[in-house]
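Me: Hello! I have just opened this structure and would like a friendly tour of it.

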Amino acid sequence: MPDTALRRDVWLLDAGDQDDAFEQYRKGCAHLFDITLQSPEATFFNSLEAYHLGVVVLAKCSGVPQRFERKLSHILVDGGDTVMVVVELEDSGWRGDYDGRAAGGHMGQIRLVDMARPFEMTTGGYRSLYVMVPRALLEGQGGLDFHGLVVSEESVSGRLLSGHIQALSEVADRMTPDDAEAAAKAIVALIGGAIAAHAAPATDDPRPVEKMLLALGRQFVERNLDDVELSPEAVRRHLAVSRSLLYKVFEPVGGVSAFIQGRRLDQAFDAILHDRAEQHTLGEIGYRHGFRSDAHFSRAFRGRFGVTPGRLRRVGEAARQEGLSALERPDDVFTWLRGL
């Protein structure tokens, strides 16, 4: 018979049984947080039981007082793009700073955390339920700032969401994959409803890490334009992010492939203008800038500048006298050239 049980991960650490329990815990969480204990290491324990509802993860967790800090360095290494929802099952006296939003709460409340943004949080001994949801499933929430948002269990959306998460935790060990698929769809809808009901419009870029990643990615591309191995995959490896996050990061500049090609075409544009003695053929210039076909180079060049490489070369001296370059040029190069 096929295995109908959900994937289940269990992590039990207790300093009473394992001398290196906290070190195991610290290393296991190192890609997510820096952790500082707020109680003696000899009393440390942590338990985690997680169920995979497809791409949504539901976890029961308890532990001793500690401080969590998620920095930009963790976000870069982690590379995930998820939203975390936390239901407090007991009064832990937690408090935190979520990228400028101070927050704290008590038992029953729901905390929403954007894992693509930094935060720090200190808690007493805690017992909580966690849900991790890929951001891509939460359609239409991009313009809302929910990082560190605390939703009251007395609100309609809060009660529905909290009740659903707690009910799932009670039956997770008996769920089939079909059950899990339906439960995941319901929980995503309830999280989206809670965000829509309680989050305010973002007044600033709600995910500054993407701007930072874009800046780092662009710098890497600029430094490696002459490298024949430069590709979206090379950029992804350099940034240590997932493909989906890489594509999202480069969306504002038309995509990572388009950005690489565009900057190579800019370099080729200037190379043609600076090659006064025509020491290199247009094919050589195109090849040096990542184009393995003369026809592809000509089509891409004309698509970006509105003029072929050959036409630009023929009016090179006039263009140089006018101070034309890839970055200092009219929008329609062809129209400008006709006026020379």
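Reply: Let us begin with a term: buried means under 20% relative accessible area, exposed over 50%, and partly exposed in between, with a 1.4 Å probe and protein chains only. The model is predicted, so local features need pLDDT of at least 70 and side-chain atom pairs count only at pLDDT 80 or more, while totals for chains, interfaces and linings use all residues. Residues are numbered from 1 along each chain as its sequence is written, and side-chain values use heavy atoms, without hydrogens and water.

Me: Is Ser128 buried or exposed?
Reply: Ser128 is found in strand β11; strands (E, at least two residues) and helices (H or I, at least four) are DSSP runs numbered from the N terminus. Its relative accessible area is 2%. Since that value is under the 20% limit, Ser128 is buried.

Me: Which side chain does Ser128 join in a polar contact?
Reply: A polar contact is a pair of N or O atoms within 3.5 Å; within protein, one must be able to donate a hydrogen and the other to accept it, and residues adjacent in sequence count only if both atoms are side-chain atoms. The contact of Ser128 spans 3.1 Å, and the partner is Glu88.

Me: Which element gives the largest share of the lining of the largest cavity?
Reply: On a 1 Å grid over the protein atoms alone, a cavity is a set of points where a 1.4 Å probe fits but cannot get out, and lining residues have an atom within 4 Å of a point. The largest cavity holds about 40 Å³ of space, and its lining includes Ser128 and Glu88. The largest share, three residues, comes from β11.

Me: What is the volume of the largest pocket?
Reply: A pocket is an open set of points with protein on both sides within 12 Å along at least five of seven lines. The largest one is lined by 31 residues, and Leu32, Phe33, Leu48, Met84 and Met132 lie nearest its centre. Its volume, the space filled by probe spheres set on grid points joined across faces, edges and corners, is about 780 Å³.
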